[in-house]
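Biologist: Please show me the model, and then take me through the words used to describe it, setting each value against its cut-off.

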Amino acid sequence: MMTIQKCVDTLRSAKQISILTGAGVSKESGIPTFRDALDGLWARFDPRQLATPQAFQKDPKLVWDFYEYRRALMRPAEPNAGHFALAALQRRFPTLRIITQNVDDLHERAGSDDVIRLHGNIARNKCSADCQGSPTRVDVSQLTWDKASGPPPCPYCGRLVRPDVVWFGEMLPRDELDRALDLARRSDVMLVVGTSGMVSPSAEMPYLVKDHGGVVIEVNPETTPITRIATLHLQGASGVVLPEVVAALDTAQ
Ligand code: OAD
């Protein structure tokens with residue numbers, strides 16, 4: 001495929017490569033993307049009704065159960081060929097860094113290092129008041145409480161424990177966002193994989209690369225608002241396309 005070779009040539013001549021990933025990269029691991037119809041019990045809810053501080057304030061048990069449902073979906077998930085291909089790219093380009101919007105840990109489990117996590121990690125929890133400082137992480141596996149009642153009380157202050165993820169309307173972790181913005185501004189190539197490009201500030205990253213003359217390459221079965229500024233659109237599933245890029249990279253130069 002011509003565009004694969006063009007992608008490889010662009011990667012080879014790059015000085016600083018960054019990757020922005022979204023839920024699409026974990027789809028082939030069996031984790032529904034964010035805007036897919038949520039199956040079963042949650043189909044009648046709009047995630048924006050659940051992933052917000054207001055929703056948690058109003059009905060902490062509903063929001064906690066929603067995350068317990070998503071954690072149960074994620075627990076058996078394994079990294080897919082797309083995650084492994086991105087880890088392989090980082091081994092070939094050691095300064096390459098991944099910026100992810102995903103809250104699963106599949107990049108790390110596939111061997112990627114130093115992942116910049118803009119939206120937190122669904123496997124972790126924290127005090128909803130960050131009573132010991134931001135974030136006040138809480139390991140709920142060490143706690144006993146009536147699980148039918150919803151989230152446990154914080155062992156330090158007694159207020160409710162919540163998932164350590166960014167909710168709609170919340171600020172992103174400052175240090176992670178600063179790292180991502182700095183990387184995007186220094187990147188001359190950004191691979192954008194499996195994101196609808198709908199949620200800022202994550203979706204702004206490719207525009208920062210473009211603004212200083214960098215190249216944006218998109219990997220997605222669909223077109224998105226980012227397609228418009230992409231030099232290349234590799235149409236397809238990341239678990240198929242990314243291994244092809246790595247294979248082409250490894251053939252004789
Ligand atoms: P979305 O569900 O908005 O978009 C998923 C993208 O992945 C779509 O563009 C799909 O076309 C694409 N896709 C589907 N299958 C794919 C595959 N096999 N390979 C590659 N791409 C595939 O998910 P995100 O863009 O990640 O924020 O959503 C961004 C944020 O919106 C999430 O992090 C979440 C949500 O609000 C928070 O929770 C704060």
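Modeller: Two residues are said to be in contact when heavy atoms of theirs lie within 4.5 Å. By that definition, among contacts in the protein between residues at least 6 apart in sequence, 67% join residues at least 24 apart.

Biologist: What should I know about the source of the model and its numbering?

Modeller: This is a predicted model, in which local features need pLDDT of at least 70 and side-chain atom pairs count only at pLDDT 80 or more, while totals for chains, interfaces and linings use all residues. Residues are numbered from 1 along each chain as its sequence is written, and side-chain values use heavy atoms, with hydrogens and water left out.

Biologist: How many helices and strands does the protein have, and what makes a stretch count as one?

Modeller: Helices are DSSP runs of H or I with at least four residues, strands are runs of E with at least two, and both are numbered from the N terminus. On that basis the protein has ten helices and nine strands.

Biologist: How do you know how compact the protein is for its length?

Modeller: The radius of gyration is taken over C-alpha atoms, and the globule rule is 2.2 Å times the number of residues to the power 0.38. The protein has a radius of gyration of 19 Å, which is close to the 18 Å that the rule gives for 253 residues, and it is therefore as compact as a globular protein of that length. Along the principal axes, the C-alpha atoms fill a box of roughly 60 × 35 × 30 Å.

Biologist: What makes a group of residues a nonpolar core?

Modeller: It is a set of buried Ala, Val, Leu, Ile, Met, Phe, Trp, Tyr and Cys residues joined through side-chain atoms within 4.5 Å. The largest such core here has 29 residues, and those with the most contacts inside it are L11, I19, L89 and L191. Among the elements that each supply at least two residues of this core are α1 (2–12), β1 (17–21), α6 (81–92) and β7 (189–193), while α10 gives the most, with six residues. Leaving aside neighbours within four places in sequence, L11 is in contact with I17, L89, F93, V189, L191 and V245, and L191, counted in that way, is in contact with residues including C7, I19, I217 and L242. Apart from this core lies another, of 18 residues, among them L118, L181, V192 and I226. In soluble globular proteins, nonpolar side chains tend to be buried together.

Biologist: Which peptide bonds are cis, and how do you know?

Modeller: The bond that joins S134 and P135 is cis, with omega about -5°, and P135 lies in the loop between β4 (120–127) and β5 (137–138). The bond from S200 to P201 is cis as well, with omega near 0°, and P201 is in the loop between β7 and α9 (205–211).

Terms used. Buried means under 20% relative accessible area, exposed over 50%, partly exposed in between (1.4 Å probe, protein chains only).
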